[in-house]
Structures are given as structure tokens and as C-alpha cells.
Amino acid sequence: ERAQHCVAHAAAGVHGAAEQQAAPRHWPLNSFALIEMPPSPKTATLLREPLLSIGGSHSTLNLGVRIKRSKFSATAPDLRDFKNEPLLEEEPSVKPATFMEAFRELPKEVYVVFFVDFLNSYRSFGFRTVQYQYLVNEFGMSDVDTGSLLGLQAWLMVVFGMIGAMMVDAYGVRNTALYGLSISVVGRGMIVFFSDHTSLLISQLILSPFGEAVLSTGIYTVALKRLTTPRTRALAFGVQYGVLNLAGAIADIAADALRKHDFLLPAWVPLAGGATWSGLRVHVAGTWLAVVVCLLVVIFFLFDTTLTPLDENVKFTSSPNMRVPPATLANLRAHATPLQLSRGFLPVRSRVAPEGAAAITSVGGLVTWCKGACSRAVASLKDLWVM
């Protein structure tokens, strides 16, 4: 409130100085009511600096920040500073879509991502909720040894999760998912079909960090962002969050229902035919089957696809920057269906590795790529701080 009061008084001073000139510029004082300054270090800095400085033939109003014009404030005045630069930056206007409109605009590839998210969430929550009881009851470990093993595994999962996030940027969602799922099939299968401590340690300390930690970095969220527009992205992320929680709830119900019983396996089951399994082991075997099905879905149906605007003047600002040559864009428009033309975008499958994949093959290229990734991260943080 103090900052708004100072700005209003400074604007009044500028307005009075402008009336004395031949060509006065009228700035409505009520327009400054749109300015909101949340408490932050920048607000304190603004209050310490002079807001109004008069020098010769012009007066300078130092706001210290640049204001964005909201898409809902179309009647806001066109304010400019003494250098004739606009103080209000236009935001891209996006027409809000209803639920059914946004749902119909989702491409079919989005439903593949939803199904993969469901399987991945079942795999993760299904074992995470019973892993302590599973290691103690099925492998005969003590409480202290189990806690030490799970603590070390959690530390490794964090480290390899960071590596997995970089792999998504360098090699794409499909290749990263294939890598992580292939290792997870072996690692999860070892604790399902074997009961010795060697298999447990290899699975939890070697294969699990390399495989399952990569799958826990939100790689399918990246795929979902590339398949949505600003009109449909909110709906898609909301549905994805619901799918993740639904899979976790089903996994908890299945674990609670199965843990009370023992099961005699048919003779045709590989590696365990005729054996008697506890309900916990059967439940963990179900999470292993979810990994197998997820791997098959990724192999045959999940690709690195990005929605590309059919108009070269339109850009999805929060989507990855795909450089589509004009000739290629014209070819896409020529082969687009009437529905795709009316929507204004077309799913384009990437057949080449993303930028940066080749750079990681050498040590010098890896260092250069890491510096570029860090600089982009710092730039993003600065943008968030300004907002």
C-alpha cells in the first residue's frame, strides 16, 4: 500500500509537470490502481530509490519494474516512460476453453501418456507402500538392516533422478523411458522371483537407481506438455494428476486385499511354478507385470511427438521450440485434415535425437552441454523471480 501511495503521488507530479508543456500527455491516475506490488526485497529497494526525478525539460517516473498487461484488462491505458518505451507488456491472449472443448482438442497421443502414467504410478506406489514389510518378511532382514538399505537406496534415487532429468532433455522421452523400463523389468523381477540377499542388493542398489529413479523424474509430464496447447494444458495436467492418484489408490487396495492370503502358483509359471507365494509377493509381482506392460506400450505407441502450429506466426510459448522450415510447414498444411486445419496445430513425430544428444558423447561436449543447461535453468529462475 505504501508503494502504491508513493506511485500515485509521483504520477500526480508527472501529470502536473506535463500540463506546463506544449503537448501535455494525460496519464489517468486511476490506471495505477492496477499495479500490485507483493512484499519482496525488490519492493524495499523500490522504496529506497527516488521515484520522481526532474531534470531540465522532462520528468522521470522510476517504477523500477515493468508491468505486464493482463489478458483480462484490455482497457488498461498505454503507459510509456520518458524514452517512449511501453510500461505495459502485452501478454498473449488465450481464449479460455470449456471442459468439452479442451477434451475434444486433445490428440490421441495424450491418452497413451495417461495410460503409461497409470502403469508407472501403480509400479511406484504399489511397491513403495509395502517395501519395508516385503524386505523384512520375504528376505528375513532385521529392522536396522532394512532401514540402512532403504536409506542408501533413497540417496541413490535422488542422485540418479537428477541424471534422468538431464537424459530427458538430451535423448527425449521415448529413449529415456525405454532405458529406464528395460532396467526396471530386470530389477523388479529379481526381487519377485528370487529370495536371496545377493539378488536383493543388486536389485535395490544397482538396478533400481539406474532404472526406477529415471522413471520417477516426471518424464511423462514432459511428453504431456509437448502434446498440449495453452488452451488444453490445464485440463491435461489435471487429468494426469487424477490418474496418478487413482493408480496409487488401486495399488493400496490391492496390497491390503492380497496380504491376508497365500497363493499356490500354477506349474506353468516360469521360475516359480508350484511354489506357494505370500500375498505380498503376489502384489509385488503385479507391480512387475505393470512394468512389463508399460514397456510394451512405450515400444509400440509412445513416441517423441510435439504439437506444431500450422501458422508460422503462432507459437506455443511454453512448448519446446521446434524449428520447422517453411517448406516443411507448407507440406504439413497440405496433408492436414480439415479438423487439424480448424484446430490450427498438427502432431509431428520427431525422428532425430534432440539437440544436445550428440554433445554428450564427448567429455568436452558434456561440459558445454551442462553449462548451457545450467544457464537456461538460471534464466528460468530469473523469469520466475521477476514474475
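Contact here means heavy atoms within 4.5 Å. With that in hand, start with the whole chain. Among contacts between residues at least 6 apart in sequence, 67% join residues at least 24 apart. One caution before going on: this is a predicted model.

The protein chain has 13 helices and eight strands. It runs to 387 residues, and buried residues make up 37% of them.

Let's go to the core. How many residues does the largest nonpolar core have? It has 50. Those with the most contacts inside it are Tyr134, Leu135, Leu181, Tyr220 and Val298. The largest share is from α10, with ten residues. There is also a second, separate core of six residues. Leu310, Leu329, Leu332 and Val348 are among them.

Leucine 135 is then in contact with Gly140, Met141, Thr146, Leu149, Leu150 and Leu200.

Now the helix pairs. Two packed helices are described by the angle between their axes and the distance between the axes.

Pair one is α4 with α10. Helix α4 covers residues 108–128, and helix α10 covers 279–301. Their axes come within 9 Å and cross at roughly 155 degrees. Angles over 145 degrees count as roughly antiparallel, so α4 is roughly antiparallel to α10. The crossing is left-handed. On the α4 side, the contact is made by Val112, Phe115, Val116, Leu119, Tyr122, Arg123, Gly126 and Phe127. On the α10 side, the residues include His283, Thr287, Val291, Cys294, Val298 and Phe301. By class, this contact has 14 nonpolar, four polar and one charged residues.

How far apart are the axes of α4 and α9? They are 8 Å apart, and the packing angle is about 40 degrees. The two helices are therefore oblique to each other. This crossing is right-handed. From α4 come Phe114, Asp117, Phe118, Ser121, Tyr122, Phe125 and Gly126. They meet a set in α9 including Ala236, Val239, Val243, Leu246, Ile250 and Ala254. The class count for α4 with α9 is 13 nonpolar, four polar and two charged. Note Tyr122 and Gly126. Both are in the α4 contact with α10, and both are in the α4 contact with α9.

The axes come within 10 Å and cross at roughly 130 degrees. That makes α6 oblique to α8. Here the crossing is left-handed. Val168, Val173, Thr176, Ala177 and Leu181 of α6 meet Ile219, Tyr220, Val222, Ala223 and Arg226 of α8. These divide into eight nonpolar, one polar and one charged. Leu181 and Tyr220 sit in this contact, and both were on the list of residues with the most contacts inside the largest core.

Next, some single residues. Is serine 184 buried or exposed? Serine 184 is buried, at a relative accessible area of 2%. It lies in helix α6. Beyond four places in sequence, serine 184 touches Gly189, Gly211, Glu212, Leu215 and Val291.

Serine 182 is partly exposed, with a relative accessible area of 38%. From serine 182 to leucine 207 is 25 residues in sequence and 10.0 Å in space, C-alpha to C-alpha.

Over to α7, for valine 214. Valine 214 is buried, at 2% relative accessible area. Not counting residues up to four places away, valine 214 touches Phe160, Gly164, Thr176, Tyr179, Pro209 and Ile219. Valine 214 and isoleucine 163 are 51 residues apart in sequence, yet 7.5 Å apart C-alpha to C-alpha.

Last, a backbone point. Most residues other than glycine have a negative phi. Leucine 271 has a positive one, near 70 degrees. Where does leucine 271 lie? Leucine 271 is in the loop between β5 (262–264) and β6 (276–278). Leucine 271 is exposed, with a relative accessible area of 67%.

Notes: Residues are numbered from 1 along each chain as its sequence is written. This is a predicted model: local features need pLDDT of at least 70, side-chain atom pairs count only at pLDDT 80 or more; totals for chains, interfaces and linings use all residues. Side-chain values use heavy atoms; hydrogens and water are left out. Axes are lines fitted to C-alpha atoms, for helices over the stretch in contact, and angles run from 0 to 180 degrees between N-to-C directions. Helices (H or I, at least four residues) and strands (E, at least two) are DSSP runs, numbered from the N terminus. Angles under 35 degrees count as roughly parallel, over 145 as roughly antiparallel, 65 to 115 as roughly perpendicular and the rest as oblique. A crossing is left-handed if the near helix is turned anticlockwise from the far one by less than a right angle, and right-handed if clockwise. Ala, Val, Leu, Ile, Met, Phe, Trp, Tyr, Cys and Pro count as nonpolar, Asp, Glu, Lys and Arg as charged, and the others, Gly among them, as polar. A nonpolar core is a set of buried Ala, Val, Leu, Ile, Met, Phe, Trp, Tyr and Cys residues joined through side-chain atoms within 4.5 Å. Buried means under 20% relative accessible area, exposed over 50%, partly exposed in between (1.4 Å probe, protein chains only).
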